[in-house]
Amino acid sequence: MLRKGAYAAAGGLLATALAGVTLLSGTSGVHATTPVPFHKGDVFFGLGSGKIGHFAPSGTLLDTLNTTSGSFEETGMCFTATLSLHTTNFQAATSSVFSATGTLTKASFGSGYANPESCVVDAKGNFYYGNVDAVSNTLLKISPSGALLKKYSPAFENRGTDWIDLAANQCTLYYTSEGSHI
């Protein structure tokens, strides 16, 4: 049983918060000893303790990715155009990066996080990270190389910039704050 998790589908920018989900993948729990490359349609699920479950579209567990963060909650994830996976390691206040081959390439990417909850990538490859429960509840813009480009402090309802999404115009960023407004 998970208290909170997130999943993302490779090739898309979908991330959804889940609560109280039991993983029943029909697998024996055997994990691949070498990373399994990512494919469009694969599903990634935050398992906690710094781990991400990598599943085939059928629900079969392919492997378990380890961010090495130890974070109790692996919340939001996002993909680059080349299918590199970026994770948000909530309690560790970090983001990790996996290549499209499933290899951890950066245990800690970027800086300035408080409690990163979600991420999204723009057309130029810049990343936006929503943070909650921080003093300033900032929204961060980070370059493809990991440099902090800008901190935004938008108005928030309850808990900062929780879940975020970028509009097709690449200029409008939608966010929630664990309230009733977007």
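Guide: Take the open sheet of four strands with the order β6-β7-β8-β9, where the pairing is antiparallel. Strands here are DSSP runs of E with at least two residues, helices are runs of H or I with at least four, and both are numbered from the N terminus. Two strands count as paired if DSSP finds at least two bridges between them.

Visitor: Before we go on, what kind of model is this?

Guide: A predicted one: local features need pLDDT of at least 70, side-chain atom pairs count only at pLDDT 80 or more, and totals for chains, interfaces and linings use all residues. Residues are numbered from 1 along each chain as its sequence is written, and side-chain values use heavy atoms, with hydrogens and water left out.

Visitor: Fine. Back to that sheet: which strands are at the edges?

Guide: β6 and β9 (104-106), each of which pairs on one side only. From one strand to the next, the twist averages 30 degrees; the axes are lines fitted to C-alpha atoms (for helices, over the stretch in contact), with angles from 0 to 180 degrees between N-to-C directions.

Visitor: How many bridges between β8 and β9?

Guide: Two, in the antiparallel sense. Val-97 has Lys-106 in β9 as its bridge partner.

Visitor: What else does Val-97 touch, leaving out residues up to four places away in sequence?

Guide: Leu-85, His-86, Thr-103, Leu-104, Thr-105, Lys-106 and Phe-109. Contact means heavy atoms within 4.5 Å.

Visitor: And what's in the largest nonpolar core?

Guide: Val-97 again, along with Cys-78, Phe-109, Tyr-113, Cys-119, Val-121, Phe-127, Tyr-129, Leu-140 and Ile-142, which makes 10 residues. β10 (116-121), β11 (127-131) and β12 (139-142) each supply at least two residues of this core. A nonpolar core is a set of buried Ala, Val, Leu, Ile, Met, Phe, Trp, Tyr and Cys residues joined through side-chain atoms within 4.5 Å. Buried means under 20% relative accessible area, exposed is over 50%, and partly exposed is in between (1.4 Å probe, protein chains only).

Visitor: Which residues are in the second core?

Guide: That separate core has nine residues, including Ile-52, Leu-65, Met-77 and Leu-85.

Visitor: What about aromatics, which ones cluster?

Guide: Phe-109, Tyr-113, Phe-127 and Tyr-129 form one aromatic cluster. The structure holds six aromatic pairs. One of them is Phe-38 with Phe-44, edge-to-face at 4.7 Å centre to centre and 75 degrees between the planes. For the cut-offs, rings of Phe, Tyr and Trp (its six-membered ring) pair if their centres lie within 6.5 Å; planes under 30 degrees apart are stacked, over 60 edge-to-face and the rest tilted.

Visitor: Is Phe-44 buried or exposed?

Guide: Phe-44 counts as buried because its relative accessibility is 0%. Phe-38 counts as buried too, at 5%.

Visitor: What stands opposite Phe-44 in β4?

Guide: His-54. β3 (residues 43-48) and β4 (residues 51-55) pair in the antiparallel sense over five bridges. They form a hairpin with two residues between them, and Ser-49 in the turn has a positive phi of about 55 degrees.

Visitor: Which loop holds Thr-68, another residue with positive phi?

Guide: The one between β5 (61-66) and β6 (74-79). Thr-68 has a phi of about 70 degrees although it is not a glycine, and at 51% relative accessibility Thr-68 counts as exposed. Ala-93 has a positive phi as well, about 55 degrees, and is found in the loop between β7 (85-89) and β8 (94-98). With a relative accessible area of 23%, Ala-93 is partly exposed.

Visitor: Where does Thr-80 lie?

Guide: In the loop between β6 and β7. Thr-80 is buried, since its relative accessible area is 18%. Leaving out residues up to four places away in sequence, Thr-80 touches His-86 and Phe-127. The C-alpha atoms of Thr-80 and Phe-127 are separated by 9.2 Å, with the two residues 47 apart along the chain.

Visitor: What's the strand order in the sheet with β11?

Guide: β10-β11-β12-β13, an open sheet of four strands with antiparallel pairing. The edge strands are β10 and β13 (148-152). β10 and β11 pair over five bridges, and Pro-116 stands opposite Asn-131 in β11.

Visitor: Last one: how many helices and strands in the chain?

Guide: Zero helices and 15 strands. Buried residues make up 43% of the 182 residues.
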